[in-house]
Amino acid sequence: MEQRFTQAPGIDKKTRYAQFLQQYGALIEGERDEISVMANTAAALKEAFGFFWVGFYRVASPQELSLGPFQGSLACYRIRKGRGVCGTAWAEKRTLVVPDVDAFPGHIACSSLSRSEIVIPIIYNEEIKGVLDIDSDRLNDFDETDRKGLEETIRLMAGALYA
Ligand code: SME
């Protein structure tokens, strides 16, 4: 399998997500190992969008998320339900876009360079399996286009893994 997710510079973000999603379907087709698919998903997102930190936290117990496959610098192993951006997105079962992490009460700083963040819960049949967490070293780096594109990515991933 030789697949490249690198994109030409200068194309707008909506087109970037559309192209990404087309290729992403082929990347995850036929593989059902959660760790493997999450690992390639993090790598593909990193390659296509150059995110500062991109990775997964998986539900490890009723009260705790555990670090999963990621691309970026070292990260905290465990996050309690309701704590930080990840634990809050889990508890509230919704995407959180945080334009300034310093203004988010209880934000967990894995890297002091992180400035903004988006967290998408992975939900299948109303059951939450984990979250996709993406950090940027720039303020206010995630918008509605990111939210839609990333939620669609996770919807495809969950469908491939858990259906
Ligand atoms: N900032 C996250 C913790 C995970 S790291 O950013 C990789 C949070 O507040 O949940």
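First, the basis of what I present. This is a predicted model, in which local features need pLDDT of at least 70 and side-chain atom pairs count only at pLDDT 80 or more, while totals for chains, interfaces and linings use all residues. Residues are numbered from 1 along each chain as its sequence is written, and side-chain values use heavy atoms, with hydrogens and water left out.

I return to the ligand. A polar contact here is a pair of N or O atoms within 3.5 Å; within protein, one must be able to donate a hydrogen and the other to accept it, and residues adjacent in sequence count only if both atoms are side-chain atoms. An N or O atom in the side chain of E117 is 3.0 Å from a nitrogen atom of the ligand, and one in the side chain of D133 is 3.4 Å from an oxygen atom of the ligand. On its own the ligand has 310 Å² of accessible area, of which the protein covers 99% (Shrake-Rupley method, 1.4 Å probe).

Next, the shell around the ligand. It holds 13 residues, with V85, C86, I108, C110 and D135 coming nearest; a residue is near if one of its heavy atoms lies within 4 Å. By class, eight are nonpolar, two polar and three charged. Asp, Glu, Lys and Arg count as charged, Ala, Val, Leu, Ile, Met, Phe, Trp, Tyr, Cys and Pro as nonpolar, and the others, Gly among them, as polar.

Which elements each supply at least two residues of this shell? They are β1 (53–61), α3 (84–92) and β6 (127–136), and α3 gives the largest share, three residues. Helices (H or I, at least four residues) and strands (E, at least two) are DSSP runs, numbered from the N terminus.

Finally, two loops. In the one between α2 (34–49) and β1 lies F51, which counts as buried at 9% relative accessibility; buried means under 20% relative accessible area and exposed over 50%, with a 1.4 Å probe and protein chains only.

Most residues other than glycine have a negative phi. N125, however, has a positive phi of about 50°, and phi of E126 is near 70°. N125 is exposed at 67%, and E126 is exposed at 68%.
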